[in-house]
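Hi there,

Here is the structure I promised to pass on. Have a look at it first, and my notes follow below.

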Amino acid sequence: MGDKKNKKKNYYLVDYENVHKAGLNGIEELHRTDTVIIFYSENADSLSFELHHYLANTKAVVKYIKVDTDGKNALDFQLSSYIGYLIGRNEHCKCYIVSNDKGYYNVQDFWLKRDAKIKIVSCVKPQVNNKGIKKSDILDVLQSISLTEEEKNQTAEVVKRQLKTGASQLSQLKVNINNELIHYFGTEKTKKIYAVIKPLIK
């Protein structure tokens with residue numbers, strides 16, 4: 001049963017072991033309807049005074065979950081499981097995975113196919129955002145390489161999603177786009193795709 005009290009809430013699940021302090025950029029801009037859940041382990045369990053200041057000045061609810069298990073990818077698995085728990089409690093919530101780990105694309109794909117609202121972002125509040133690029137612009141530049149229509153549309157969707165999500169820096173935005181394309185098309189095909197779309201990302 002959905003949690004009506006949490007309707008329209010935003011949840012930011014932070015893979016702190018992966019993004020560290022940079023992943024919490026913009027946390028001071030969040031609202032009372034936002035919840036930030038920081039997943040951390042003994043490998044990354046310290047916060048700077050500067051970060052304490054940001055956390056103290058955010059309106060968002062901040063929670064911490066320590067991953068005690070030492071196994072490989074333990075944090076990833078527990079964070080992924082927690083997303084299912086949140087969506088199960090409140091189907092209207094929006095979940096953001098704050099990480100640069102491309103393994104989470106599998107989690108994103110799973111839930112997007114089930115109409116859940118979920119995105120992977122590199123930080124809580126992205127600063128770089130090139131929303132002005134149209135899908136038609138992306139499809140136009142893709143005409144110069146040999147791709148099926150399905151592959152062209154998939155590429156355009158990846159680029160638009162990443163542009164909408166944004167990143168704290170332009171260089172990180174480009175890395176995120178490249179990583180997600182590799183996830184779908186593999187390294188060799190992505191090299192050709194990325195070469196023609198890169199000039200659009202400024």
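A word on confidence to start with: pLDDT is the predictor's confidence in each residue, from 0 to 100. You are looking at a predicted model, and its protein chain has a mean pLDDT of 85, with 88% of the residues at 70 or more. Among the elements, strand E1 has the highest mean, 95, while helix H2 (residues 49–56) has the lowest, 77. Please be careful with residues 1–6, where pLDDT stays under 50. The model does give that stretch nine contacts beyond four places in sequence, but where pLDDT is low, the predicted coordinates should not be read in detail.

Now to strand E1, which covers residues 10–15 and includes Leu13. Is Leu13 buried or exposed? Leu13 counts as buried because its relative accessibility is 0%, and the cut-off for buried is under 20%. Beyond its neighbours within four places in sequence, Leu13 is in contact with Ile37 and Phe39, with Leu79, Tyr82, Ile83 and Leu86, and with Cys95, Tyr96, Ile97 and Val98. Ile38 is 25 residues away from Leu13 along the chain, yet their C-alpha atoms are separated by 6.1 Å.

One of those contacts of Leu13, Cys95, leads on to the cysteines. How many disulfides does the structure hold? The count is zero. Cys93 is in no disulfide, and the nearest cysteine sulfur to its own is that of Cys95, 3.9 Å away.

Last, the cavities. The model has one cavity of 30 Å³ or more, and about 60 Å³ of space lies in the largest cavity. Which residues line the largest cavity? They are Ser99, Asn100, Asp101, Lys102, Tyr105, Ile120, Val121, Ser122, Gln162, Asn176 and Asn179. Sorted by class, this lining has six polar, three nonpolar and two charged residues. Strand E5 (117–121) and helix H7 (170–185) each supply at least two residues of the lining.

Best wishes

Methods:
Residues are numbered from 1 along each chain as its sequence is written. This is a predicted model: local features need pLDDT of at least 70, side-chain atom pairs count only at pLDDT 80 or more; totals for chains, interfaces and linings use all residues. Side-chain values use heavy atoms; hydrogens and water are left out. Helices (H or I, at least four residues) and strands (E, at least two) are DSSP runs, numbered from the N terminus. Buried means under 20% relative accessible area, exposed over 50%, partly exposed in between (1.4 Å probe, protein chains only). Contact means heavy atoms within 4.5 Å. A disulfide is a pair of cysteine sulfur atoms within 2.5 Å. On a 1 Å grid over the protein atoms alone, a cavity is a set of points where a 1.4 Å probe fits but cannot get out, and a pocket is an open set with protein on both sides within 12 Å along at least five of seven lines; lining residues have an atom within 4 Å of a point. Grid points are joined across faces, edges and corners, and a volume is the space filled by probe spheres set on the points. Ala, Val, Leu, Ile, Met, Phe, Trp, Tyr, Cys and Pro count as nonpolar, Asp, Glu, Lys and Arg as charged, and the others, Gly among them, as polar.
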